[in-house]
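Keep the structure open while you read.

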Amino acid sequence: MGKLTLKPTENQNYIILGGDFSSLLEKAYKLESDGDFEGACNTRYKAFQQIVDLLPEEVVELDFSHQNTRAAIEIVYGSAVDNFLTSDVELAAAQLEMLLECDSEDHIEATPQLALCYIALEEWECLDEIVPDLGDKSAFRPLVEALADYARTGDVSSEKLASLRRHRHLCEELCAVEHAADEKYLKDISSERPTQQALAREIYLRCEPLLFKYEGFTAKIKAL
């Protein structure tokens, strides 16, 4: 990798030069598709370490429209997901918080993943602050709110269950016996117009560690 530099632009933000993060991103995807998940995680984490070493202590806005900078942002997000799925939730939350500082418009949609981290860490005040940013149309917000309710109280209010029930495909996925990330699913979710079933499975897979931790939650959904 070439020397990394942070260059200011006329748009009052910064781009990352050097590193060829697009190639590193593709390398990680290839390793993952070949079944080498550890290699993919290591590739993303090593790149993340270089990126975080480059960034100054003061907050800087990164230019998402710049290809290499966008790839760097995507790598940090991917590394955060890796860490969340392997239970290093504090590191994942720190990575996602850093991304939101550097990409205030949240092009990569780091906020939903950060919400999952806050549930796992039981950081309820932090979660309450970002829930409004999850949007009203996605099935992700009612799932987060219902899951947080269960994590806090051991139960889910009828109101939150009713909101989640409106998203039929997600409820069916939550109640399914298997949630395979097989070739059929990967082809579907990476297409221009993924099916509702694939989108529901994507949400399930992102939440899977919490659904195992709060295993009684899915029983509430099945009882609907």
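Glu122 sits in the loop between H5 and helix H6 (124-130); helices here are DSSP runs (H or I, at least four residues), numbered from the N terminus. Before going further, note that this is a predicted model, where local features need pLDDT of at least 70, side-chain atom pairs count only at pLDDT 80 or more, and totals for chains, interfaces and linings use all residues. Residues are numbered from 1 along each chain as its sequence is written, and side-chain values use heavy atoms, with hydrogens and water left out.

What is the phi of Glu122 near? It is near 55 degrees, a positive value in a residue other than glycine. Most residues other than glycine have a negative phi. Ser87 also has a positive phi, near 75 degrees, and lies in the loop between helix H3 (67-85) and H4.

Here is how these two residues look for accessibility, where buried means under 20% relative accessible area, exposed over 50%, and partly exposed in between (1.4 Å probe, protein chains only).

| Residue | Relative accessibility | Class |
|---|---|---|
| Ser87 | 60% | exposed |
| Glu122 | 43% | partly exposed |

## Two helices side by side

Now go to H4 (residues 89-102) and H5 (residues 110-121), whose axes come within 9 Å and cross at roughly 145 degrees. Axes are lines fitted to C-alpha atoms, for helices over the stretch in contact, and angles run from 0 to 180 degrees between N-to-C directions.

Which residues of H4 meet H5? Among them are Val89, Ala92, Leu96 and Leu100, while the H5 side includes Ala110, Leu114, Cys117 and Leu121. Contact means heavy atoms within 4.5 Å.

Next, the aromatic rings. Rings of Phe, Tyr and Trp (its six-membered ring) pair if their centres lie within 6.5 Å; planes under 30 degrees apart count as stacked, over 60 as edge-to-face and the rest as tilted. That rule gives 3 aromatic pairs. Take Tyr45 and Phe48: their ring centres are 5.7 Å apart and their planes stand at 40 degrees, so this pair is tilted. Both residues belong to helix H2 (residues 37-54), 3 residues apart, about one turn of the helix. Tyr45 is partly exposed at 30% relative accessibility, whereas Phe48 is buried, with a relative accessible area of 7%.

Tyr150 and Phe217 make an edge-to-face pair, 6.1 Å centre to centre and 65 degrees between the planes. Because Tyr150 lies in helix H7 (residues 140-153) and Phe217 in helix H12 (residues 216-222), the pair ties together parts that are 67 residues apart in sequence. Both Tyr150 and Phe217 are buried, and together with Tyr214 they form one aromatic cluster.

## A histidine in a loop

Last stop: His179, in the loop between helix H9 (168-175) and helix H10 (183-189). Is His179 buried or exposed? At 14% relative accessibility, His179 counts as buried. Leaving aside neighbours within four places in sequence, His179 is in contact with Glu173, Leu174, Arg201, Tyr204 and Leu205. The C-alpha atoms of His179 and Leu205 are separated by 7.6 Å, with the two residues 26 apart along the chain.
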